[in-house]
Amino acid sequence: MLEKIISGGQTGADQAALDVAMELGMPHGGWIPKGRLTEAGPLPDRYELTEMPTASDEARTEQNVVDSDGTLIFSHGHLNGGSALTRTLAKRHGKPWLHLDLDQMTAAQAAQGVMFWVRGNGIRVLNVAGPRASKDPFICDDVRAVLKVVVRELLGAELKRKGRSRG
């Protein structure tokens, strides 16, 4: 079911999601502003993102929402800034979205919720968003913890399903 993870490449939640995809052998991508700019400088080439024709963070965010089957937004607390914009854009485009306030649940609870949501909405291309590292220094580790469980579970379930259909 889940085939690809995309994000905007910013430090924090975005890069954490891309790192999990690469570590677990899942395709990744997404759109990044012109110049591949992040708050820490240009995004390294190992991240397979496509540059937008503009440096606009909002245009990048909207394109990732549009190009995905659903958007997962992580936070510690209420959404604000670019994360709130992501939710607004998902609503505007009629795309499924899920906000996980990691202050309100354990990583295991969050992972179970994500798997249920991904399966229930038929998400194949998952857009992941959340705060940048300078705004939330704990978001990277928490996003990695949740997504590692989700990707391993969903990929394992898909491999088992395909194995049964052949035999």
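Predicted model: local features only at pLDDT ≥ 70, side-chain atom pairs only at ≥ 80, totals over all residues.
Local features need pLDDT of at least 70 and side-chain atom pairs count only at pLDDT 80 or more, while totals for chains, interfaces and linings use all residues. Residues are numbered from 1 along each chain as its sequence is written, and side-chain values use heavy atoms, with hydrogens and water left out.

**Exercise 1.** Work out how α2 and α3 pack.

*Solution.* Start with the two helices (DSSP runs of H or I, at least four residues, numbered from the N terminus). Helix α2 covers residues 57-66 and helix α3 residues 81-92. Next, take the geometry: the angle is about 45 degrees and the axes (lines fitted to C-alpha atoms over the stretch in contact, with angles from 0 to 180 degrees between N-to-C directions) lie 9 Å apart. Therefore α2 is oblique to α3; angles under 35 degrees count as roughly parallel, over 145 as roughly antiparallel, 65 to 115 as roughly perpendicular and the rest as oblique.

**Exercise 2.** Decide whether Arg 60 is buried or exposed, and find its partners.

*Solution.* First, locate Arg 60: it sits in helix α2. Its relative accessibility is 7%, so Arg 60 counts as buried (under 20% relative accessible area; exposed is over 50%, partly exposed in between; 1.4 Å probe, protein chains only). Then list its contacts (heavy atoms within 4.5 Å). Leaving aside neighbours within four places in sequence, Arg 60 is in contact with Gly 8, Trp 31, Ile 32, Pro 33 and Met 52. Finally, its side chain reaches the backbone oxygen of Gly 8 at 3.3 Å.

**Exercise 3.** Find how far Pro 27 is from Lys 4.

*Solution.* In sequence, they are 23 residues apart. In space, the C-alpha to C-alpha distance is 4.9 Å.

Definitions and conventions:
Polar contact = N/O pair within 3.5 Å; in protein donor to acceptor, adjacent residues only side chain to side chain.
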